[in-house]
Amino acid sequence: MLTLPWFLGVTAGFAVLVAYGSVPGPSESPPDHWPATASIERATDRPTLLVFVHPQCPCTLATIAELERLIAEVSGHVQPIVLLGCPANQRQEWLETRLAQRCQMLSASQVLADVNGVLATQFNAMTSGFCVLYSATGKLQFHGGITYQRGHEGESHGRVALRRILNGQPPLATKAPVYGCQLIRTENRPAPPSPCCQEVEP
Amino acid sequence: MIFSPPSSSISQRAREIEQADLRRRHRYTDRLFAVIMLLQVAGAIVSALVVSPQTWMGTHSSIHLHVWSALGLGSLLASLPVLLAWKQPGAASTRFVIAIAQMLFSSLLIHFSGGRLETHFHIFASLALLAFYRDWRVLAVASVVITADHLIRGTFWPLSVYGVLSASPWRTLEHAGWVLLENVVLIIACREGLLDLRRIANREAELERRNEQFEHEIAAKTAELAATNLELSEANAFLTAILDAQPSHIVILDEAGNIKHSNAAWKAFRSENGGQSSVLRDRNYLDVCAVAASGSVKEAAEAAEKILAVLSGQSVFETLTYACHSSREQRWFTMELTPFNAPGRHAVMVQNNVTRQHMEHAIIEAANRENSRLAAIVEKTTNAVVLTDAHQRITWVNKGFERISGYSLEEVHGKSPGRLLQYEKTDPATVGQMRTALMAGLPFHGRIQNRGKDGREYWLELDIQPTFDQHGALEGFMGIQSDISELVAARESVERALLQVTSLRNALDQHSLLSITDRTGKIIDVNTGFCLVSGYTRKELMGQNHQILNSGFHPQSFWEEMWKTIGQGKVWRREVCNRAKDGSLYWVDSTIVPQLGPDGKPQQYVSLRFEITEKKRGEEALKRANEQNHLLAAAVERSPDATIVTDLEGIVRFANPAAMRLDQSFGHTIELGQPALLFCDDRLPKPMLQQLLHSICEGNVFQQPVEVPIDPRGKLLQYDDRCPIHPTRWLSVTASPLANEDGVVDGILFAEADVNEEIETKRALEEITTAMDSATDGVFMFDAESLRFVYANKEAIKQVGYSLDELQKMTAVDINPHFDIKSFGEFVAPLVTAPGSSITVRTEHQHRHGHRIPVENSFQLVAELGTQGRFIAIVRDISEQLHAEQALETAKEQAVLASLAKSEFLANMSHEIRTPMTAILGFADLLDTSPELAADPVQARNAIQTIRSNANHLLTIINDILDMSKIEAGRMTMEQIDTDPIQIVEEVASLMQPRAIGKGVMVRLEYDTDIPRKIQSDPTRLRQILLNLVGNAIKFTEVGSVTVRTSVDKESQKMRFQVVDTGIGMTTEQRELIANFDAFSQADGSTTRQFGGSGLGLRISNSFAEMLGGRIEIESQIGVGSTLSATVSTGDLTDVPMLAPEQISQQQQVVLKDKQQAGDVPQDPAKRLEGIRILLAEDGPDNQRLISFHLRKAGAEVVVAENGRVAAEAIENNPKLFDMVFMDMQMPELDGYEATRRLRRAGHRHPIVALTAHAMDGDRQNCTEAGCDDYATKPIDRQQLLDIAERYGKSSKPTALAIPDLASRSSSLPSWTSSGPS
């Protein structure tokens, strides 16, 4: 007599879980061109890939894993820059998380601290795991996430699209949903020039 | 392994073991999975906390959904399995649920991991654990669940299962295939496990069976062993008991001659001889044996030698006899030694005390010597001595035998004496006894008849003694015979004589009483019969005189005659009555025979008696029966009841004279041999006749009254011929069965009686009783002398509560508390002296329960009843009557009082009305008839003022009377509308202020609590109440103040207005009189005269207060002042805004200031209505003039219309001409109601104020429904008129149009205009 309600309850729980994992975070389109006022420099010989990360977000571990695979697949064809958002008054604590350490272990990547989310604001990054690809000429080529669900590694449309773009193939998509926590952002005003953004010591 | 198939019982047991093991395994696995589930939940929670504890929104974090999922979903997933594992471990449903849940855990894990390959191993591990159940169905369920999950999620969310964007269905099949493969392996393993389980179960069952068998065998062997041990123990005990029972001293010796065992006799012997029996064991025999104790070295040495010989096997038996004397006696012992192996050589020594035998031997030798001497004697005696052998063959006889029998020794030697000497007359029984004794070796003594050689018969007295040898064996017999032939002959003759006497005596004993007395009459012998009949024992009778048997029945002369006769030696015979020992009497036919002595005189008297008691009794019974029959016959002959005896056919066999008379009264003559009347021609109803005969045949008595129809002449009719007009008679018929000598009923005894009168009387009595019980009054009957109740009907019983039985034990005074016996006797005495009269009195009866009931009793004496007459008391309960009388008296008193009060009121009102009317008419007359008065403005003004004040006073009285009338008629109704209590209080104070100022009395307002802005009440009546109270307070206060205190109790929803004055106050009596709120009373008449007033105001105010949910309370102190408090209901004050007292004060000041600012104090009346145009619709010329005068004086422009039609047309033609309308509601042609409705229907919105003389609330409602905005009652108060005109005239001002010149108005308007009254 209890079996059926139990089974239905479990099924409902599964459904909620799946639904949660399938809901992407908020996202906006970044600037079509690399902002001149951006406090970081892009690469001029190859595309630059910005990855905005909330150092506390557990779901973004999957993004970093996929990034790692992507970098391996397109080695040398992209300049990855990982931006770790942190509040100014808790900088050190936030940059010592497992995720931050994992980011620093990425090969051929630059890891910077985005204090108070200035750059996230500048590039309209709202969700952790948000990737933006600019060409060597500074033109926006892709923005979005590279995982298919919260915290789940594996093939995703975003990663496929990025891979194709970086391999010079025509992209199947130029944007993809992002699954992660909401990033730290400043008020909506242009970010001042550095020194707000500093390279994160490994 | 091949094993032989077990038997069916073993198979069954093996199955049971297998099933039990399987259940145990299932339960264990259920619990294992319950623990695993809990661990998985815990692991999920810990993992979630470690991996994704929080979710972030910028710098703000919250617990991640994964943590909640782990906790909630994980707990839910584990809940049912854990619950079932706890409550239903081992059930199939439990493990199925566990299988499903475990697979779902796998799915969850795979989902969380995003389809990581490693997490799929959870499935395989779970399946392996589920295989613990050894139930392929569990694996099947789990496989179905996981396959479905893979299929569904693989199809829709392949990334969550396989980690790729898209997955081919083959991948699901591949996964399912791996699951299936594992299932196959696990099922095979399960099957093998089950087979192993079965084998183990079979072995266990086999083992159990063998163990059972072993146990049975062991138990049997054990029982056998125990039995054997028991037998050995018993044998040992028996042996010991046997040895101990032996009188001989028995000792068991071992090879060394040590004592191994000894019996009790030996131990006792040793103890007796100073040894210690307890230490005998293993002591050497020679140390303790009697031989050693004997002190004879030689014998001791000889004994030792013999013992050793036996123990060593040299000898198989030894014996020794020796003497061992003690200080007390000489003793001889024998010792016998016998060897035996047990194992080892042992010997048993039996030592016997042969002292006795030794002694006997000595005695025997002495006896032998004696025997020789006796033999010589035997030889010489005359008695025969015969010696035989054990077979009773003669071995020797003496000379005496030869002499008696005639045979010599040689002739009889070797022969049996019996065969030789016994002959046909010899008693066989004696021979048999002798033979039996001799065969048993016993002595014999008896007598026997023999026949000698010469044929002579002779008697012998035999004394045969057995002889024994030294061994005690029967050796032979020795018989000593004495010839007693002569003695026997003599004895026989004596016996013959004795036998004759005995026979004779027995006969006498059986049939007679025999006694023998001496010549003095003392009993010297009696027989048994005498003792039996008299009851005395022989011992008691012997030596007694026959006087002890004297019954006293016979006179003394009887006995004297007897003694005289027998004294003469003559036989005397009579019937005598004696008394037995127990006092009973018995009769005897007595014959006394004197036995004469040698001198011819009686020496003894032999009395021979025969009992004749029964015969005498029979004679007396017969005599009594004859007497009774004679009496019975006489009774039947003389009986007034008819007695008839018939046979079963109803044929008369006997009839007494009464029966004949009765039948003759029915016109029938009884004849013997003819049918009785009731049996003739169906005189009785057939069912009754059948019932009668049935009862008779059953041997029962039939008894029933019978109503028989008769004709007018009294002749008995056939029962079926009866009809209602025929009279009837009642007969009591009793029919009893008569039985013959054999007990067979062959007749009927009828007893008939005419009970007609009795029946009729009984019916009449029943009717009277029913009538009595139906009476509504109680009827008592009691004895005139004892006053004890004889009868009471139902109503009487109900009145007093006692039952009839209880009343019959009571007297009349017991229920009447106002009388005792004496006073009651005096009370009813007139009834005794004047029979036929009656006495009626009102008194009380005491009920059983103690309360008293007022009654009206009517007594009468009926002298004919009872012995001294009976009192009949008719009792009526007058409780209700008394109540009614009392109520009537009370109502009468109240009516008288009310009538008096009304008369007084009317007289008062007449005065009150006439007084102002007199002033009004008087001053009006003065003004009319006295020009000088009219010409003097001051006097004229005074007169007018007087007329006005008296008119107002008259109006007040009229209003009070009208209000009182409405209240008394119950037609006064109250409104329940929003009422501002503060406003009312202030208005009242404002109105009363001039009067108070005029008297120099200050009027103050105080608020003791917060006051609600509005309450639900009737403002008009509330104002009236306060005007009355404050007016009275001012009226009765000459100096000081009148304070109005207002307060509210929100909880009880009551508002209280206290009017406190410093006036003259009231006495207690005055206050009580006033507090009755009697409609027609003031404190007293003097106050009316001094202070005026109708006296109705307070009553009316109290009625209003009660109708408003409260009342008026009065407190007063003479000379100090009074406080009258009026309370009214406020309704629900929830959410009603309240004003604090200080706020009220401020408000008052603001209002005051506003009024001051608005120039509202005081205003010139002439300017009030300036600019207001009023249409007055009034048909009465006086009112036209009066009202229009007041309005114009106040500055209004007034147009008058004489009826409603004119008024309606004026407005319809000039709708903007007027600001408002005063509309009289009672007008000809078109009344105010219709005119108003007409104007409203036409859409005219002018304020219309109704002028009406009707003050009822219904009239106001009618006015409002007609369309009026307000109303004013006539007579119109000028101030009220101006207030209303100002209010409505200024509130509605249509577009200003030029007022037409009044002179040029339409001819439809009257000519009289605003030029004022002429």
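Student: Which residue in the hairpin of β15(B) and β16(B) takes a positive phi?

Tutor: B:Gly583, with a phi near 90°, in a hairpin that has 5 residues between the strands. Strands here are DSSP runs of E of at least two residues, helices are runs of H or I of at least four, and both are numbered from the N terminus. This is a predicted model, where local features need pLDDT of at least 70, side-chain atom pairs count only at pLDDT 80 or more, and totals for chains, interfaces and linings use all residues. Residues are numbered from 1 along each chain as its sequence is written, chains are lettered from A and ligands numbered from 1 in the order written, and side-chain values use heavy atoms, without hydrogens and water.

Student: How many bridges join β15 and β16 of chain B?

Tutor: 8, between residues 572-579 and 585-596, and the strands run antiparallel. Two strands count as paired if DSSP finds at least two bridges between them. B:Arg574 has B:Ser590 in β16(B) as its bridge partner.

Student: Switching to the open sheet in chain B. What is the strand order?

Tutor: β9-β8-β12-β11-β10, 5 strands with antiparallel pairing. At the edges are β9 (394-397) and β10 (444-451), each pairing on one side only. The twist averages 30° from one strand to the next.

Student: And what stands opposite B:Thr467 in β12(B)?

Tutor: B:Gly476. Strands β11 (457-468) and β12 (474-483) of chain B pair over 9 bridges in the antiparallel sense.

Student: Which helix lies across β10, β11 and β12 of chain B?

Tutor: α16, residues 428-439 of chain B, running at about 130° to β10(B). Angles run from 0 to 180 degrees between N-to-C directions, with axes fitted to C-alpha atoms, for helices over the stretch in contact; contact means heavy atoms within 4.5 Å.

Student: Now the two chains. How much do A and B bury between them?

Tutor: About 2800 Å², 75% of it on carbon and sulfur atoms. That is accessible area (1.4 Å probe) lost on putting the two parts together, summed over both. A:Trp6, A:Phe14 and A:Leu17 supply 26% of the area chain A buries there, more than any other three residues.

Student: How many residues are in contact on each side?

Tutor: 32 of chain A and 34 of chain B.

Student: How many salt bridges between them?

Tutor: The count is 0, taking a Lys or Arg side-chain nitrogen within 4 Å of an Asp or Glu carboxyl oxygen.

Student: Which elements of chain A give two or more residues to that side?

Tutor: α1 (3-22) and α6 (157-166). The most comes from α1(A), with 10 residues.
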